[in-house]
Amino acid sequence: MYRIFGLEPGESAPSFEASLKLMHPEDRGAVEAAVKAAIEQGNSYAMDFRIVRPDGTERSVHAQGEVTFDAARKPMRMVGIVQDMTERRRAEERLRSLERRFYLAFNAGPEPMTISNLADATYVDVNQAFLQVTGYRREEIIGKSALDLRFWAVPEQRRALREQLQKGSVRDSEITFLTKSGEPRTGNLSAEVIEVEGQRCLLAATQD
């Protein structure tokens with residue numbers, strides 16, 4: 001606790017009141033309310049909030065606690081833990097930032113790109129370039145597979161692609177695909193297995 005709150009051991013009494021003063025002003029009210037509810041209602045609590053150390057640095061913490069009562073339901077003590085979640089929160093924010101940049105690049109990319117679920121091959125997302133080249137509307141594609149849409153003009157190419165993916169990624173594999181109107185188009189397809197919201201997906205880009 002001393003280390004997390006940036007205090008020297010013995011510098012001040014390890015009390016709730018002392019730690020409350022180090023909580024971020026915007027989060028202090030919520031912490032007080034959660035602790036009050038735990039005392040009055042006998043609930044445990046778990047919450048995230050920010051603290052501001054004496055040197056001015058801000059940290060993100062997670063706290064859990066519960067109140068012990070005597071036989072007359074008088075609150076005797078509160079036992080809990082505090083975890084420093086700062087680095088985890090920063091890592092999560094960096095990941096969200098990377099995801100935002102990925103989707104910006106995905107949607108604005110000049111090449112037709114798709115994201116499909118690896119388990120059932122259904123499309124999770126497609127970019128605007130893919131819609132323009134194939135002639136489909138987004139609602140006609142999402143949740144469907146390439147087989148449903150009869151995308152593959154040469155079925156053997158699909159089987160070869162799946163075999164290549166067993167070894168890793170695919171680079172510049174020439175394919176012939178069909179647009180919505182049935183027009184055959186030739187392109188070089190590159191594909192990579194990625195994870196999207198906990199699911200293994202296939203990211204594919206085709207140079208028409």
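Two strands pair if DSSP finds at least two bridges between them. Helices (H or I, at least four residues) and strands (E, at least two) are DSSP runs, numbered from the N terminus. The model is predicted: local features need pLDDT of at least 70, side-chain atom pairs count only at pLDDT 80 or more, and totals for chains, interfaces and linings use all residues. Residues are numbered from 1 along each chain as its sequence is written, and side-chain values use heavy atoms, without hydrogens or water.

**Exercise 1.** Describe the open sheet of 3 strands.

*Solution.* 
- Step 1: the strand order is β1-β2-β3, and the pairing is antiparallel.
- Step 2: β1 (45–52) and β3 (75–84) are the edge strands, each pairing on one side only.
- Step 3: neighbouring strands are turned by 30 degrees against each other on average, direction ignored; axes are lines fitted to C-alpha atoms, for helices over the stretch in contact (heavy atoms within 4.5 Å), and angles run from 0 to 180 degrees between N-to-C directions.
- Step 4: β1 and β2 (residues 58–69) are joined by 8 bridges, and R50 is opposite S60 in β2.

**Exercise 2.** Find which helices lie across β1, β2 and β3.

*Solution.* 
- Step 1: α3 (residues 25–41) lies across these strands, at about 150 degrees to β1.
- Step 2: α4 (residues 86–108) also lies across them, at about 125 degrees to β2.
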